[in-house]
Amino acid sequence: MADVVQLDPDSLQIPGDNPSTPSSPATARNDCSITPLTPLPSPRVEVRPRTSCPFSVVVAIDFGTTSSGYAFSFTQDSEAIHMMKRWEGGDPGVANQKSPTCLLLSPDLRFHSFGFAARDFYHDLDPEEARHWLYFDKFKMKIHSTSDLTMETELEAVNGRRVRAIEVFAHALHFFREHALKEVKDQSSSVLEGEDIRWVITVPAVWRQPAKQFMREAAYLAGLVSPECPEQLLIALEPEAASIYCRKLRLHQVLDLSLQPMTNGFDQEGSRPFDSSFRQAREHLRRSRHSRTFLVESGTGELWSELQTGDRYIVADCGGGTVDLTVHQIEQPQGTLKELYKASGGPYGAVGVDLAFEAMLCQIFGEDFIQSFKAKRPAAWVDLTIAFEARKRTAAPGRTNALNISLPFSFIDYYKRHRGQSVEAALRKSNMNIVKWSSQGMLRLTQEAMNELFQPTVVNIVKHIEELMAKPEVCSVRFLFLVGGFAESPILQKAVQRAVGRTCRIIIPHDVGLTILKGAVLFGLDPTVVRVRRCPLIYGVGVLNRFVEGRHPQDKLLIKDGREWCTDILDRFVCVDQSVALGEVVRRSYTPARLGQRKIIINIYCSATEEVTYISDPGVRKCGTITLDLPEPLPLPGAVGGAGGGAGGPERREIRATMQFGDTEIKVTAVDVMSNRSVRASIDFLSN
């Protein structure tokens, strides 16, 4: 059990009299009593030497909202990235190099299948039987939208049953682990052990620390790596991975939207050159899919040769669930990347179009009917969403003919029994002229209808890009790289081209849906390629400081041994949008409050705004804990009064904690200064 001590003025330890030095971590009136001894005003840099990758193979898993996949590379031949095998049961006319992110559990909660196999099996189940199976689809969005994410957070299957989210994610990751290991071993000439493999899992850059830790915990549960070897797993940020891959691009591997004809700042509606270029890109992608091995440049690609030191560019990762915007600057000659502005974006991915389609169905047929149909005919509902997904991918700005979406027979039949009228009659009554009914049992969505479905999501994405480009830190951007599955949409491409096509060059890699996956492999091979990142939040702890009359509020006054202290002051480790380099550390020293204390627990607070002084200010919240497990102190021969001596007592100890904020995850280590022994240190953002 941890010693978490009430803040008691009689047991509080105060080191020294320097009024400018934050003293006790009394992070709240009931927080644990530990004492920061050596606060530093800013992080210090410890340049770590660049080392060769200690692993034989890097396997990256791009865990997406709508589709997922894996790729790998052997460190001996790092210019070849091997894509996974094509999946069984893929959709005609749709790229099957990634698998739908859907999972099926049996009625007794055992893993059954993932991807196309899960979707097809579930679809073929008898409607009555399907109600007992647990089908999960697009479940990654729950991790983004849950503000109080924990290990106990639950996901709801299509049939309404709930399962712990960590178990669903672990099942999916275990599936990829088994597939990837088999394929890697098939292609490897040597015997591979578990410790020879470095795993990389991609997450949105806008995800906070709890969500990143959640993916790590799911990977541990799935058996990818052991918690004893955390360095074997890297969390890669999706737009960062895309940025790393874009460094390798050749001119023939991209579609440059800036080269399209423009009239008064707008491209010509339905202009043939735009459609032609897009078709060429599609054809190139189709041909490249016959090969599952991609060769990347050993140095940097031709696009990069146009860039000079200090040039900046934006990567807009438009995925299924989120849109992630990252701004990078080139550092020559080393070719590393520096993040110029904290990651921005939000839940504006392609799923927004799916939700708009569902809202349209609710408007036509009634929300109560749609909810009832989803619950009573879950497999047929999935069938309908698949039909819409295929049509959504063919929607283009210049298209004149309507898009036909097959309604499952059970939908038509269920509506007639539920409402006592036909689907066709419902359409007529809805007065929705942009959706028609075809005698072949199909909904006909006009171009206007598709525009309505796309508009809210596309407008959000364009608005975010424009707002980012208007910031002073992001001025003079040379390129905008449009990546992610949703970037394949001609409707989105045209909207972005209209908005910023005259300001910078818009580049779309031909294999746009695989850009993140390939970049994640490259990141695993060299995690030092992004040298400077921006901190999205303030992080810190609460401390005591000398009370200054007139500056500090009276309700923060604490009197100890005749001295006046101000409680709850936020001692900042890092600030919002602060540049933090790889290897840069923040150090704080703490001392246990009592003799024999075996655990120190320090509460971490965060805030998205700079204008905060106290941990009790609006917008500041407790977001995690640092736990330091203290070993038995080593007796010092002949020592009188211990290392600390004086007011601290005979066994006063200094525990020095070192925190790293420059990586994709926050890390902490600690040592017992007196004995120079490592202290087991952990940081937890999931147990709030």
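In this predicted model, Glu183 is buried, with a relative accessible area of 4%; the cut-off for a buried residue is under 20%. Glu183 belongs to helix α4, which spans residues 165-187. Lys85 lies 98 residues from Glu183 in sequence, yet the C-alpha atoms of Glu183 and Lys85 are 8.2 Å apart in space.

In one of them, helix α6 (residues 238-246) and helix α16 (residues 515-525) have axes that come within 7 Å and cross at roughly 80°. Because angles of 65 to 115 degrees count as roughly perpendicular, α6 is described as roughly perpendicular to α16. On the α6 side, the contact is formed by Glu238, Ala241, Ala242, Ile244, Tyr245 and Cys246. The α16 side contributes Thr515, Ile516, Lys518, Gly519, Ala520, Leu522 and Phe523. Sorted by class, the contact between α6 and α16 comprises 9 nonpolar, 2 polar and 2 charged residues.

The other pair consists of helix α10 (residues 367-376) and helix α11 (residues 378-392), whose axes come within 5 Å and cross at roughly 110°. From α10, the residues Ile370, Phe373, Lys374, Ala375 and Lys376 meet Pro378, Ala380 and Trp381 of α11. The contact of α10 with α11 contains 6 nonpolar and 2 charged residues, and no polar residues.

Technical notes:
Residues numbered from 1 in each chain as written. Predicted model: local features only at pLDDT ≥ 70, side-chain atom pairs only at ≥ 80, totals over all residues. Heavy atoms only, no water. Axes fitted to C-alpha atoms, helices over the stretch in contact; angles between N-to-C directions. Helix = DSSP H or I, 4+ residues; strand = E, 2+ residues; numbered from the N terminus. Parallel < 35°, antiparallel > 145°, perpendicular 65-115°, else oblique. Contact = heavy atoms within 4.5 Å. Nonpolar A, V, L, I, M, F, W, Y, C, P; charged D, E, K, R; others polar. Buried < 20%, exposed > 50% of the residue type's maximum accessible area, 1.4 Å probe, protein only.
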